[in-house]
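Colleague: I am new to this structure. Could you take me through its main features?

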Amino acid sequence: MRWDNLGESPSALFGTDVVTRTVDTPEFRGITFHEVRARSLVNRVPGASRMPFEWTVNPYRGCSHACVYCFARKTHSYLDLDTGLDFDSQIVVKVNAPDLLRRELAARRWRGDHIAMGTNVDCYQRAEGRYRLMPGIIGALRDHANPFSILTKGTLILRDLDLLRQAAHVTDVGISVSVGFLDRELWRTVEPGTPAPERRLDVVRTLTAHGIPCGVLMAPVIPFLGDTPDRLRATVRAVAEAGADSVTPLVLHLRPGAREWFTAWLGHHHPHLVRRYETMYADGPYAPKWYQRRITRQVHELAAEYGLGPSRPGEARRITARDGGGSGTDAAPPAVGDPASGATQLTLL
């Protein structure tokens, strides 16, 4: 394996002291960990992005959740790894993440801006159970009273409940859980490495019970598989019953890297839909705006029926839209939408 972005040059992402481990235990079978020392951790979101935050922290690259639609698959190609099986099984672990974050937060140039986590790959994927990077990361943010947010499909976040409560006493903390649908057959094939949707809703229920507001990103709404009125209703009802303070639908988008992997999955599991997807996504990675508006309207109406409100961009993360630009790595790609129409297509997990 050749990593072009590894070395001693100032532009290198990681140092050369990489340790590769294959762990032969049931929960990690088939997964290889590449332990690296990152050169930087707090990354600026590209200026073209419409995301309502400017800075991200991603302690991992690659994700054992193995979601076939994950937009972050493309990032593995930067390391000369493929965007399919390698993304699911070759996990880069930034083992110095907590110490590096403390150093960057203490730098005089740092202004204490909001930091978003889980915007590239899930920081509570299975690897976190082994490496325990998030307690140190949350502790650093708490000690600097630095606002932050977490988006996750992982139930492991409950391990850090006490730390999250401590942080919430000194700064703004926003938590969002991603639950796009409840259908178990769809879940087992399209998100095979994730906890079941009901377990994720248990996370919402537990966080809310402990005084930590939690929103749900209904992500992704998968055309022709998870978008029927009865399935949308069932998901919104379950989200409301779990005590979420908001629900926001995000329609599936298929960027390069993810598009090829998802199309192969679709051809295997739902070949009759391939042509319909080719038509729907003929103009690019995003579903047509009319479709986005329709899904958004339906979910908002259901949310109102069940006493939930849709969140505004950044609301679940307790942040306001940013101005200005920048450049960096490990950040979420651009999002598109039509705010005036009430349909917002964010680029998240």
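The questions below go from the whole chain to single residues.

Modeller: This is a predicted model, in which local features need pLDDT of at least 70 and side-chain atom pairs count only at pLDDT 80 or more, while totals for chains, interfaces and linings use all residues. Residues are numbered from 1 along each chain as its sequence is written, and side-chain values use heavy atoms, with hydrogens and water left out.

Colleague: How many helices and strands does the protein chain have?

Modeller: Helices (H or I, at least four residues) and strands (E, at least two) are DSSP runs, numbered from the N terminus. Counted in this way, the protein chain has twelve helices and 13 strands.

Colleague: What percentage of the residues of the protein chain count as buried?

Modeller: Buried means under 20% relative accessible area, exposed over 50%, and partly exposed in between (1.4 Å probe, protein chains only). Of the 349 residues, the share that counts as buried is 58%.

Colleague: Are the residues of β9 buried or exposed?

Modeller: In a regular strand the side chains alternate between the two faces of the sheet. In β9, V173, I175 and V177 point one way, and G174, S176 and S178 point the other way. On both sides these residues are buried.

Colleague: Which residue in β10 stands opposite S176?

Modeller: Strand β9 (residues 173-178) pairs with strand β10 (residues 214-221) in the parallel sense, over four bridges. In this pairing, S176 stands opposite G215.

Colleague: Which residues does F262 touch, not counting those up to four places away in sequence?

Modeller: F262 belongs to the largest nonpolar core, which has 89 residues, and is listed with L101, I115, M117, I150 and L164 as touching the most other members. Such a core is a set of buried Ala, Val, Leu, Ile, Met, Phe, Trp, Tyr and Cys residues joined through side-chain atoms within 4.5 Å. With contact meaning heavy atoms within 4.5 Å, F262 touches V68, Y69, V190, I222, L252, L254 and Y277.

Colleague: Which two residues does a cis peptide bond join?

Modeller: Most residues other than glycine have a negative phi, and most peptide bonds are trans. The cis bond has an omega of about -10°, and P220 is found in strand β10. The residues joined are A219 and P220.

Colleague: Is A66, which has a positive phi, buried or exposed?

Modeller: Phi of A66 is near 60°, and A66 lies in the loop between β5 (60-61) and α1 (74-77). Its relative accessible area is 12%, so A66 counts as buried.

Colleague: What is the relative accessibility of R132?

Modeller: R132 also has a positive phi, of about 50°. This residue lies in the loop between α4 (127-131) and α5 (134-143). R132 counts as partly exposed, because its relative accessibility is 48%.

Technical notes
Pairing = 2+ DSSP bridges.
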